[in-house]
Amino acid sequence: MNGEELYDIKADPAQQQDVAPSHPQVVERLRDFYDSWWAELETAFDQDARIYLGHEAENPATLTSHDWITTGYTPWNQSQIRDALTGAGRTGHWNVHVAQEGDYEFRLQRWPAEADTPITAGLEPGEPVPGEPAFRSTPGKALAIEKATLEIAGQEMEKTVAPGAKDVVFSLRLNPGPATLSARLIARDGQAYGAHYVSVKRR
């Protein structure tokens with residue numbers, strides 16, 4: 001942790017006993033690996049990374065809010081997603097690359113598919129774990145979502161969210177090339193929330 005601490009996660013899941021003083025070689029090896037990895041990443045910081053859609057290697061592709069491009073910071077953990085963070089600085093878009101021309105299906109969700117929960121519903125807090133509070137321990141807010149919107153490659157679509165719906169599905173045809181993808185869930189009061197999860201499949 002922080003390049004200085006080391007814990008035996010199996011024996012000490014709450015991370016109470018720092019074993020770094022007893023294993024300086026391990027700390028040095030892990031720190032050197034991290035520094036090398038970070039230096040490799042730095043050369044690409046000014047480049048727009050794009051997620052491929054419709055590629056044979058991964059179809060469907062699952063997009064999450066962790067990869068949004070924003071002016072502030074993305075909701076990257078379940079605490080922030082459950083708390084329904086929104087606003088211009090916390091709601092973004094994905095940079096994508098359409099790999100092949102074809103018909104695409106976009107499945108917008110507020111919650112991960114594994115939660116099997118309606119878009120408008122809240123979530124009960126998850127079970128605690130030893131140590132610091134887990135991200136899942138934040139209660140998920142219920143939202144009065146009424147509409148969903150999708151924008152990609154100059155195309156804009158809108159649908160009403162059916163009562164009890166767990167996702168909203170859009171279908172459209174796309175040409176290959178780079179694009180920007182935005183997916184929004186609109187509440188009754190007009191507040192826009194990002195769809196945290198979007199599954200994209202070339203049919």
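Where does tryptophan 76 lie?

## Tryptophan 76

In this predicted model, tryptophan 76 is found in the loop that runs between S2 and helix H2 (78-82). Because its relative accessible area is 47%, tryptophan 76 is classed as partly exposed, a class that lies between the limits of 20% and 50%.

Tryptophan 76 and serine 65 are separated by 11 residues in sequence, and their C-alpha atoms are 6.4 Å apart in space. When neighbours within four places in sequence are set aside, the contacts of tryptophan 76 are His66 and Phe135.

## Overall fold

The chain contains two helices and 10 strands. Their order along the sequence is α-β-β-α-β-β-β-β-β-β-β-β. The C-alpha trace spans about 60 × 40 × 30 Å along its principal axes.

Of the 203 residues in the chain, 34% count as buried. The accessible surface amounts to about 12200 Å², and carbon and sulfur atoms account for 50% of this. Among contacts between residues at least 6 apart in sequence, 65% join residues that are at least 24 apart.

Strand S2 covers residues 61-64. Side chains in a regular strand alternate between the two faces of the sheet. In S2, Ala61 and Leu63 form the covered face, while Thr62 and Thr64 form the uncovered one.

S2 runs antiparallel to strand S10 (residues 197-202), and four bridges join the two. Within this pairing, threonine 62 stands opposite serine 199 of S10.

## Threonine 117

Threonine 117 sits in the loop between strand S4 (102-109) and strand S5 (145-152). Is threonine 117 buried or exposed? Its relative accessibility is 12%, so threonine 117 counts as buried, the limit for this class being under 20%.

The side chain of threonine 117 reaches the backbone oxygen of alanine 115 at a distance of 2.8 Å. Not counting residues up to four places away in sequence, threonine 117 touches Trp111, Gly122, Leu123 and Lys166.

## A nonpolar surface patch

Which residues make the nonpolar surface patch of about 660 Å²? The patch is made by Phe33, Tyr34, Trp37, Trp38, Leu41 and Phe45. One of these residues, phenylalanine 45, lies in the loop between helix H1 (24-42) and strand S1 (51-53).

Definitions and conventions: Residues are numbered from 1 along each chain as its sequence is written. This is a predicted model: local features need pLDDT of at least 70, side-chain atom pairs count only at pLDDT 80 or more; totals for chains, interfaces and linings use all residues. Side-chain values use heavy atoms; hydrogens and water are left out. Patches are made of residues with over 30% relative accessible area and no salt bridge: like charges are joined within 9 Å, nonpolar side chains (Val, Leu, Ile, Met, Phe, Trp, Tyr) within 5 Å. Accessible areas come from the Shrake-Rupley method with a 1.4 Å probe; for residues, only the protein chains shown count as cover. A salt bridge is a side-chain nitrogen of Lys or Arg within 4 Å of a carboxyl oxygen of Asp or Glu. Buried means under 20% relative accessible area, exposed over 50%, partly exposed in between (1.4 Å probe, protein chains only). A polar contact is a pair of N or O atoms within 3.5 Å; within protein, one must be able to donate a hydrogen and the other to accept it, and residues adjacent in sequence count only if both atoms are side-chain atoms. Contact means heavy atoms within 4.5 Å. Two strands pair if DSSP finds at least two bridges between them.
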